[in-house]
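The sequence and structure come before the notes.

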Amino acid sequence: MIRHCVMLHLRDDADLSELQTVFDALGALVDRLEGCSDFVAGPNRDYEGKSADYAFGFTLDADTETALAAYAAHPEHQALGARLVAQCQDGARGIVVYDIEASI
């Protein structure tokens, strides 16, 4: 299983209602894709004080690399990703992605 983790460094004037709309649409997309599940999105509480610039994020699980690649290449993901980029500081540079392969 691969956990796809995305953190967003939003612009000061980011539209939080747009952000929620994109999160809702990404969750709906994940629900429809074979091998993808468990979309979760929300604010970063940063309890350890290590990621304050990244105010929001989301994760999803993919059963295989192939399922994650299908999500990444999906036209809806591409369009929704562009909307996220538009909300982030310095565009795509304001997005950090980690793909964690669960070994346990």
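In what order do the 4 strands form the open sheet, and is the pairing parallel or antiparallel? In this predicted model, the order is 2-3-1-4 and the pairing is antiparallel.

**Sheet**
- Strand 2 and strand 4 (95–101) are the edge strands, and each pairs on one side only.
- On average, neighbouring strands of the sheet are turned by 15° against each other, direction ignored.
- Strand 1 and strand 4 run antiparallel and are joined by 7 bridges.
- Met 7 stands opposite Val 96 in strand 4.

**Helices on the sheet**
- Helix 1 lies across strands 1, 2 and 3, and runs at about 165° to strand 2.
- Helix 2 lies across strands 1, 2, 3 and 4, and runs at about 135° to strand 3.

**Nonpolar core**
- The largest nonpolar core has 24 residues; Leu 8, Phe 23, Leu 26, Phe 58, Tyr 71 and Leu 84 have the most contacts inside it.
- At least two residues of this core come from each of strand 1 (2–8), helix 1 (16–32), strand 2 (36–43), strand 3 (56–62), helix 2 (65–73) and helix 3.
- Helix 1 gives the most, with 6 residues.
- Beyond four places away in sequence, Phe 23 touches Leu 8, Phe 39, Ala 41, Gly 42, Phe 56, Gly 57, Phe 58 and Leu 84.

**His 77**
- His 77 lies in helix 3 (residues 75–87).
- His 77 counts as buried because its relative accessibility is 17%, and the cut-off is under 20%.
- Not counting residues up to four places away in sequence, His 77 touches Leu 26, Leu 29, Tyr 71 and Ala 72.

Notes
Residues are numbered from 1 along each chain as its sequence is written. This is a predicted model: local features need pLDDT of at least 70, side-chain atom pairs count only at pLDDT 80 or more; totals for chains, interfaces and linings use all residues. Side-chain values use heavy atoms; hydrogens and water are left out. Buried means under 20% relative accessible area, exposed over 50%, partly exposed in between (1.4 Å probe, protein chains only). Contact means heavy atoms within 4.5 Å. A nonpolar core is a set of buried Ala, Val, Leu, Ile, Met, Phe, Trp, Tyr and Cys residues joined through side-chain atoms within 4.5 Å. Two strands pair if DSSP finds at least two bridges between them. Axes are lines fitted to C-alpha atoms, for helices over the stretch in contact, and angles run from 0 to 180 degrees between N-to-C directions.
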